[in-house]
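Let's take a friendly walk through a protein model together. Here are its sequence and structure to keep beside you as you read.

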Amino acid sequence: MDLFTIPSPSSLWTTVRSGGAFNVACSFAALWAFVKVLRMLRWRVKTTQLLGPPRTSLVYGVSRDLAISQDSAAIYERWATEHGVVYMIPSVLGQTRVVLCDPRAIAHFYARETRTYVQTPLSLALLEASVGKGLLWAQGETHKRQRKALTPAFSNAAIRKLTSVFYDSAYKVKGKWDTAIESSKDGDAVIEVQNWMNHISLDTVGIAGFSHDFGSLDGKPASVTEVFDTFGSNEKASAVNEVFILLASAFPIILKIPTKRQNLFKKLSVTMEQISNELLIRSRREKDVNIGERGQENSIIGLLIKSEGQDTEFHMSEEEVMAQMKVLLLAGYETTSISLTWALIELSQHPDVQTRLREELLAFGPDPTYDQLKANLPYLDAVVHEILRLHPPVPEITRIAAADDVIPLSEPVRTASGNMTDSISIAKGTLITVSIGAINRSSTIWGPDAKEFKPDRWLTEDGISGKAKEVQGHRHLLTFVDGPKTCLGKDFAIMEFKTVLSVLVKNFVFEMRDGPDTPVEVARGILPRPRVVGEDGTGVPLRIRRYE
């Protein structure tokens, strides 16, 4: 029997309903406090109490320090060194988070995601407000059903057919940059590359996913890019938003307050919904009159329409179909463009790596096919995965335990009471955080050169340490997470990344506009984005010339 069973509100209500309004209000306040105390007591008894850093703020714990840091991953890693591979950190308004930095613990956590470990109330509220109840929002059986319905669109066969779409976008950029360089007297041009990578990502996901060309590479204004670009452009608003989101982690109802950023999310949702609705109507019409190509039903939009009309386990409601389109637009736009931008920055800062990559691509000859991109260009593969390791677009995740659990560890840790343990007990309601950046760049896991941009580590058998091999996930990285929620578009993203990078590096030479030591910082957008220090918004100006 559980000593800390919480009485039901209905049973306690009978004790106060005969009182006046003031007495009732006081009784509810007392009940709320009583329930909170009971939950806290239960949590303390059933959760292993761990070591961790002291709070630096009575209100925020250490959460604000992490939120405003340019490198929160380094902070998480330092705490792991000081307190052990799992530890506790004080969070907002007395909350506590358990941080996992142990490969075995993380594998256990990801294997149970969507069931034992689920989205926090804050995450659910933010996702529903921005992209609806799609794949990112869904949990348990709902997530399993939605994922199964979409899986054929991301198979090897489906992505093989899309390689030409990736090349088309890359060559459009090449043409535009050739024109800019031709009109320059110096034989080079300073180009803000992040904006172009955004356009590549948007047009590619439009054509590949929905058979629709947004035309942003041709200069056609797209309402969705205008909204995306507004995020992160106001640093003062971003700082205020950090405080707002921190408080919302304790009280998600705060998200109902119409702040500037919340209004932006609402505008983004409405804009993506309008686009998605237009594309759905057009695709349904084409399907009805058999205009769509044979095999179109295995495209993303084809599968969505098909699932909408099915009564089987793959059925999705109209609301779910709309949410999937918004998820794919957001994920397709944000993540790949961030990775491509970081790749051009790192190559500009490491001209030796850039030259070696270009030599491999030129020696190969014509544009590689899908299968050749996967298997025949080892240095391109190494560069791409080193970028994904050092610069994961999603730097950390936090989930809440939906049930009690015991997490095994690969090495023992000292508890707050001084005992050693090789597993930790987790009570229902516990917040669990995994810093993807800290694990991907951990010196303990990846070796003393973990913070360096070093593609060679991917080319030799001993380039990846034994500890890194314990990390379960694509190529021992957490960039695409792991378990039931492994990124469905992983192979799509990697193939687009390789295709675009191969075309750009083969044809152009990249340098930082102000020299190789130009400082780069992280700006706050929907996801963290790189920015050259001193630039507005998310500007990354590079000096580009043709490779002759």
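**Salt bridges and buried cores**

Glu-320 counts as buried, because its relative accessibility is 11%, and buried means under 20% relative accessible area, exposed over 50%, and partly exposed in between (1.4 Å probe, protein chains only). This is a predicted model, in which local features need pLDDT of at least 70 and side-chain atom pairs count only at pLDDT 80 or more, while totals for chains, interfaces and linings use all residues. Residues are numbered from 1 along each chain as its sequence is written, and side-chain values use heavy atoms, leaving out hydrogens and water.

**Charged pairs**

- Side chains of opposite charge can pair when their charged atoms come close.
- A search of the whole structure finds 34 salt bridges; the term stands for a side-chain nitrogen of Lys or Arg within 4 Å of a carboxyl oxygen of Asp or Glu.
- Glu-320 meets the side chain of Arg-145 in a salt bridge, at 2.8 Å from N to O.
- Arg-145 lies in helix H7 (residues 140-150) and Glu-320 in helix H14, so this pair ties together parts that are 175 residues apart in sequence. Helices (H or I, at least four residues) and strands (E, at least two) are DSSP runs, numbered from the N terminus.
- Arg-145 is partly exposed, with a relative accessible area of 22%.
- Arg-441 and Asp-71 also join their side chains in a salt bridge, at 3.1 Å from N to O. This pair links distant parts of the chain, 370 residues apart: Arg-441 is in the loop between helix H18 (436-440) and helix H19 (443-446), and Asp-71 is in the loop between helix H3 (63-68) and helix H4 (72-83).
- Arg-441 counts as buried at 17% relative accessibility, whereas Asp-71 counts as partly exposed at 34%.
- In the salt bridge between Glu-535 and Arg-513, the closest N and O atoms are 2.9 Å apart. Glu-535 sits in the loop between strand E11 (528-532) and strand E12 (541-546), and Arg-513 in the loop between strand E9 (508-512) and strand E10 (520-524).
- A network of salt bridges links Glu-386, Arg-389, Asp-449, Lys-454 and Arg-457.

**Nonpolar cores**

- In soluble globular proteins, nonpolar side chains tend to be buried together.
- Which residues touch the most other members of the largest nonpolar core? They are Leu-100, Trp-177 and Leu-501, in a core of 142 residues. A nonpolar core is a set of buried Ala, Val, Leu, Ile, Met, Phe, Trp, Tyr and Cys residues joined through side-chain atoms within 4.5 Å.
- Helix H14 (residues 318-349) gives the most to this core, with 15 residues.
- Apart from this core lies another, of five residues, including Leu-122 and Phe-244.

**One side of helix H6**

- Leu-122, Ser-123, Leu-127 and Ser-130 are buried in helix H6 (residues 121-130).
- These four cover an arc of only 125° around the axis, which puts them on the same side of H6; the arc is that of the directions from the helix axis to the C-beta atoms.
- Gly-132, which follows H6, has a positive phi, near 85°.

**A loop residue at the surface**

- Ile-253 lies in the loop between helix H11 (235-248) and helix H12 (260-288).
- Is Ile-253 buried or exposed? Ile-253 counts as exposed, because its relative accessibility is 65%.
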